[in-house]
Amino acid sequence: MRLSGKTAIVTGGGSGFGAGIARKFAAEGARVVVADINVEGAEAIAAEIGGTALVCNVASRKSVSDLAETVLSAGHLDILVNNAGVTHLPNQLEDVTEEDFDRVYNVNMKSVFLTAQAFIPHFKSRKSGVILNVASTAGVSPRPRLNWYNASKGWMITATKTMAVELAPEGIRVNAINPVAGDTPLLKSFMGEDTPEVRAKFLSTIPIGRFSTPEDMGNAACFLCSDEASMITGVAMEVDGGRCI
Ligand SMILES: NC(=O)c1ccc[n+]([C@@H]2O[C@H](COP(=O)([O-])OP(=O)(O)OC[C@H]3O[C@@H](n4cnc5c(N)ncnc54)[C@H](O)[C@@H]3O)[C@@H](O)[C@H]2O)c1
C-alpha cells in the first residue's frame, strides 16, 4: 500500500497507460480521480477501481479549472499525472496540417501549463505534491514522420526538469516517464497502418523484444509518485526495454 492515504488525478485515465496507472495507484491504496474527455472510458475504469470519474478536456482552461475546483473542494490532492496525449498520423513534417499541430500541442503541452496553474498553488500551500508527466522515448530518440509529436514530448521532458528545479524548494517533486511503443489504442496512430510488418518493424527497435504495457507504466509511475522516491525529482525515466540505449 505504497500510496495509502494519497489522492491522485490521472488525466487520460480512461484508456491505455492512464488506465494502467489508475489501476496500480488504486491497488496501492490511493483514491484515484480518472479525468478523461471520454466519459465512458473514465466511468468504466473508475467503476473497476472504486475511483471517481470526472470529464475533463486537458486542453481547455475552463475544463481544467472545473476539475481543480471539484477535486480541491472535496479535499486535498497529492499526485497529478499528466498522461492524456494524442498524436498526428505519420507524415512528412511539412504536410502535417495546422489543425493536427494545434491539437497535438494543446493536448500534449498546453495541458501541462494549465494543470500547473490549476494545482501548483494548492501543492505550494501544503509544501508537498508530486507531478508525473507521461512523455515518450520519442522525446529522447525521435524517428522520422512523427516530428511534431516527438517535439511535444521533448518539450514535456524539458518542462519536467525546469519545473523540478523551480518547485523542489516548495516540497514538490516533478518527474516524467518515457514509455516505448505500447499496445494501446494510440499505437495504431503511431504506426499509420496496423499490419504485422509495421508491428515487427516497431518491435525490432525494442531490445527486450516486446511492446510496453499499461502495467509497466503503472509500476514505474507508482514508484516515482510514492514516498520511496522522495529524493528523486527531475528525471525522465525510460520505460522502454532498452530502446533508447
Ligand atoms: N502507446 C504508446 O505507444 C505510447 C508511447 C509513448 C508515450 N505514450 C504516451 O502515453 C500517454 C497515454 O497514451 P496511450 O497510449 O495510453 O493512449 P490512449 O489513446 O489509449 O489513451 C489516451 C487517453 O487520453 C484521453 N484524452 C485524449 N485527449 C484528451 C483531452 N484533451 N483531455 C482529456 N483526456 C484526453 C483519451 O480519451 C484516452 O482515454 C500519451 O501521453 C502518449 O503520448 C504512448
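## Close-up views of a predicted model

**View 1. Glu-28 and the backbone of Arg-2.** The Glu-28 side chain comes to 2.9 Å from the backbone nitrogen of Arg-2. A polar contact is a pair of N or O atoms within 3.5 Å; within protein, one must be able to donate a hydrogen and the other to accept it, and residues adjacent in sequence count only if both atoms are side-chain atoms. This is a predicted model: local features need pLDDT of at least 70, side-chain atom pairs count only at pLDDT 80 or more, and totals for chains, interfaces and linings use all residues. Residues are numbered from 1 along each chain as its sequence is written, and side-chain values use heavy atoms, with hydrogens and water left out. Glu-28 sits in the loop between helix H1 (16-27) and strand S2 (31-36). Helices (H or I, at least four residues) and strands (E, at least two) are DSSP runs, numbered from the N terminus. Is Glu-28 buried or exposed? Its relative accessible area is 11%, so Glu-28 is buried. The cut-offs are under 20% relative accessible area for buried, over 50% for exposed, and partly exposed in between (1.4 Å probe, protein chains only). Neighbours within four places in sequence aside, Glu-28 contacts Met-1, Arg-2, Leu-3, Ser-4 and Cys-222. Contact means heavy atoms within 4.5 Å.

**View 2. Helix H1 against helix H2.** H1 packs on helix H2 (residues 39-49) at an angle of about 20°, and their axes are 10 Å apart. H1 is therefore roughly parallel to H2. Axes are lines fitted to C-alpha atoms, for helices over the stretch in contact, and angles run from 0 to 180 degrees between N-to-C directions. Angles under 35 degrees count as roughly parallel, over 145 as roughly antiparallel, 65 to 115 as roughly perpendicular and the rest as oblique. The H1 and H2 crossing is right-handed. A crossing is right-handed if the near helix is turned clockwise from the far one by less than a right angle, and left-handed if anticlockwise. From H1, the contact takes Ala-19, Ala-22, Arg-23 and Ala-26; from H2, Ile-45, Glu-48 and Ile-49. By class, the H1 and H2 contact holds five nonpolar residues, no polar ones and two charged. Ala, Val, Leu, Ile, Met, Phe, Trp, Tyr, Cys and Pro count as nonpolar, Asp, Glu, Lys and Arg as charged, and the others, Gly among them, as polar.

**View 3. Helix H3 against helix H4.** The axes of helix H3 (residues 61-74) and H4 come within 9 Å and cross at roughly 25°. H3 is therefore roughly parallel to H4. Their crossing is right-handed. H3 brings Arg-61, Val-64, Leu-67, Ala-68 and Leu-72 to the contact, and H4 brings Phe-113, Leu-114, Thr-115, Gln-117, Ala-118, Phe-119 and His-122. The residues of this contact are eight nonpolar, three polar and one charged.

**View 4. Helix H4 against helix H5.** Helix H4 (residues 98-126) and helix H5 (residues 147-167) have axes that come within 9 Å and cross at roughly 15°. The two helices are therefore roughly parallel to each other. H4 passes H5 in a right-handed crossing. On the H4 side, the contact residues include Phe-101, Tyr-105, Met-109, Val-112 and Ile-120. On the H5 side, Trp-148, Tyr-149, Trp-155, Met-156 and Leu-167 are among them. The H4 and H5 contact counts 14 nonpolar residues, two polar and two charged. Which residues does Trp-155 touch, not counting residues up to four places away in sequence? Trp-155 touches Met-109 and Val-112. Trp-155 is partly exposed, at a relative accessible area of 34%.

**View 5. Asn-133 in strand S5.** Asn-133 is located in strand S5. With 0% relative accessibility, Asn-133 counts as buried. Leaving aside neighbours within four places in sequence, Asn-133 has contacts that include Asn-82, Val-112, Met-156, Thr-160 and Asn-175.

**View 6. Two loop residues with positive phi.** Most residues other than glycine have a negative phi. Lys-127 has a positive phi, near 55°. Lys-127 lies in the loop between H4 and strand S5 (129-134). Arg-145 also has a positive phi, near 75°. Arg-145 belongs to the loop between S5 and H5. Arg-145 is partly exposed, at 45% relative accessibility.
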